[in-house]
Amino acid sequence: MKKNTIAVIGLSWGDEGKGKFVDYLAQKADMVVRYQGGNNAGHTVVVDNVKYIFHIMPSGALLEKEVVIGNGLVVDPKVLLEEIEKVKKSGKKLTLKLSSTAHIIFPFHRVLDGLEEDSKGDLAAGTTKRGIGPTYSDKAARWGIRVYDLINPDLLKSKLKKLFEIKKKNINSFDPEWDADINAIYEEYKKYGELLKPYVIDTALYLNKVIDSGKRVIFEGAQGNLLCIDHGLYPFGTSSNANALGICSGTGVPPKKIGKIIGIIKAYTSRVGGGLFPSELDGDIAHQIREQGHEYGTTTGRPRRVGWVDLFNIKYSIIINGIDHVIITLLDALEGIGEIKACIGYELNGKSLESWPIQPEIIDKCKPVYKTFKGWEPKSRNEWSETAKRGYEAIPDTMKKYVAFIQEELQTEVAIISIGPNRNDTIELIKDIF
Ligand code: GDP
Ligand code: IMO
Ligand code: MG
């Protein structure tokens, strides 16, 4: 039975192009839903050569689709209000629902994020310092403050007072001098609550009703499977289930209502922050890929680490997420590289491993095994766009071979390839996946 929902999931370390493809698929949808993470995400949507970056607003807002921020997110209200303004300023009509049970990021969460990171040494993930981890910690410790509290000033006042006492002790254990004006924080957040109140509902019930009515809904993943707190390269990831498994808990939509799961990969790999990266490159080729792919963090502006595509860890992500189809992005960004490599396995003590070993202590001892491919010639931006218009037949033969190999190796159909940041720089190999 064809279901009316679809999920878009990053299969690597984030920044695979989820924003572009949520926006692309949203052309045929009624609603886009975020279900985990917070403003650590940076999703880029390019419309008519104008670039929009969203950190918490679901991609799809620019198409005037209804957008929903589910209970699984941690919300920085200031950032959300700024993005609401950004959409309104673009002249688009915004229809937004915000879950009453999503958790709220406060300034002291950001302070703690920095202090905890600085104390972690080799275990630091290089977080975005947006307070994501400390806010999810408070959620799990059951003293977190939720959207419902934010929009009810009395609840906010008493809960914030208690939370602040705890957090101050915590921060003072790193920095004995630290203090903040709790009344000023309360007043600031009370104001945010007033401004956000019109958007707040129980999104879980609402989403179930919308899906049951037959409307078409996209679940927009943030980050990627290898950053997932349970199924990624712990502890060098984020603090949520950054994969398809997070959809149900982060929205209240049960598993049987989730339709196709689409996995996005880059033609190479990128990573921001710390942690192991077996297929990482340095030197001239890394520089060339970083510049051609504009690999600078969407959220923090940090230069992204880059390397060859790692099909071995992507295979793992495909299993964990139950991926139906793959989208390959940024094929154009590998232009002009004579020889391209793809990691097809890891060796440990001279023996090939059967599957990706999730433990960093094992991965650290592994040696990636590569297959080499002939690359393709550079083209101008316009030429790539023209190529996309002409379709699959027009792409270089060497690119066809590379794509065919990825499909074969992953044993998963490649539904779409992407050769530029614009909506139209897209070639569907399988028509109408949604
Ligand atoms: P997300 O976090 O997965 O949404 O990805 P980001 O927006 O952080 O990073 C992806 C970047 O690649 C953005 O700047 C996109 O505009 C850009 N992009 C997406 N697909 C393509 C593509 O096929 N080619 C090129 N050159 N850029 C792309
Ligand atoms: P999108 O949705 C890439 C990384 C950080 C850090 C680790 C933990 O744009 O793909 P956090 O601030 O979440 O506690 O940081 O996760 N990270 C991302 N890397 N893209 C993202 O989001 C990321 N969100 C977090 O760099 O290594
Ligand atoms: Mg990003």
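Val32 stands opposite Ile218 in β10, where strand β2 (residues 31-34) and strand β10 (residues 217-220) pair in the parallel sense over four bridges; strands count as paired if DSSP finds at least two bridges between them. The model is a predicted one, in which local features need pLDDT of at least 70 and side-chain atom pairs count only at pLDDT 80 or more, whereas totals for chains, interfaces and linings use all residues. Residues are numbered from 1 along each chain as its sequence is written, chains are lettered from A and ligands numbered from 1 in the order in which they are written, and side-chain values use heavy atoms, with hydrogens and water left out. Helices (H or I, at least four residues) and strands (E, at least two) are DSSP runs, numbered from the N terminus.

Strands β2 and β10 belong to an open sheet of ten strands with mixed pairing, in the order β9-β7-β5-β2-β10-β1-β11-β14-β18-β19. Its edge strands, each of which pairs on one side only, are β9 (200-201) and β19 (426-428). Helix α1 (residues 18-26) lies across β1 (5-10), β2, β10, β11 (260-266), β14 (325-329), β18 (413-418) and β19, and runs at about 165° to β1; axes are lines fitted to C-alpha atoms, for helices over the stretch in contact, and angles run from 0 to 180 degrees between N-to-C directions.

Strand β3 (residues 43-47) pairs with strand β4 (residues 50-54) in the antiparallel sense over five bridges, and the bridge partner of Val45 in β4 is Tyr52. The hairpin of β3 and β4 has two residues between the strands, and Asp48 takes a positive phi near 50° there. Because four of its five residues are buried, β3 is largely enclosed by the rest of the structure; buried means under 20% relative accessible area, exposed over 50%, and partly exposed in between (1.4 Å probe, protein chains only).

Helix α6 (residues 153-174) packs with helix α7 (residues 182-196) at an angle of about 145°, their axes being 10 Å apart, and the crossing is right-handed. The contact (heavy atoms within 4.5 Å) is made by Pro153, Leu156, Lys157, Leu160 and Phe164 of α6 together with Ile182, Ile185, Tyr186, Tyr189 and Lys190 of α7.

A search of the whole structure finds 26 salt bridges, each defined as a side-chain nitrogen of Lys or Arg within 4 Å of a carboxyl oxygen of Asp or Glu. One of them joins the side chains of Asp15 and Arg304 (3.1 Å, N to O); since Asp15 lies in the loop between β1 and α1 and Arg304 in the loop between α10 (283-292) and β13 (305-310), the pair ties together parts that are 289 residues apart in sequence. Arg304, which counts as buried at 6% relative accessibility, also forms a salt bridge with Glu295, the closest N and O atoms being 2.7 Å apart, and Glu295 is likewise buried. Asp15, Lys266, Glu295 and Arg304 are linked in a network of salt bridges.

A further salt bridge is found between the side chains of Glu66 and Lys97 (3.1 Å, N to O), linking strand β5 (residues 66-69) with strand β7 (residues 96-99) across 31 residues of the chain. Glu66 and Lys97 are both buried.

Glu347, in strand β15 (residues 339-348), is partly exposed, with a relative accessible area of 25%. When residues up to four places away in sequence are not counted, Glu347 touches Ser352, Lys365, Cys366, Lys367 and Val369.

Key
A crossing is left-handed if the near helix is turned anticlockwise from the far one by less than a right angle, and right-handed if clockwise.
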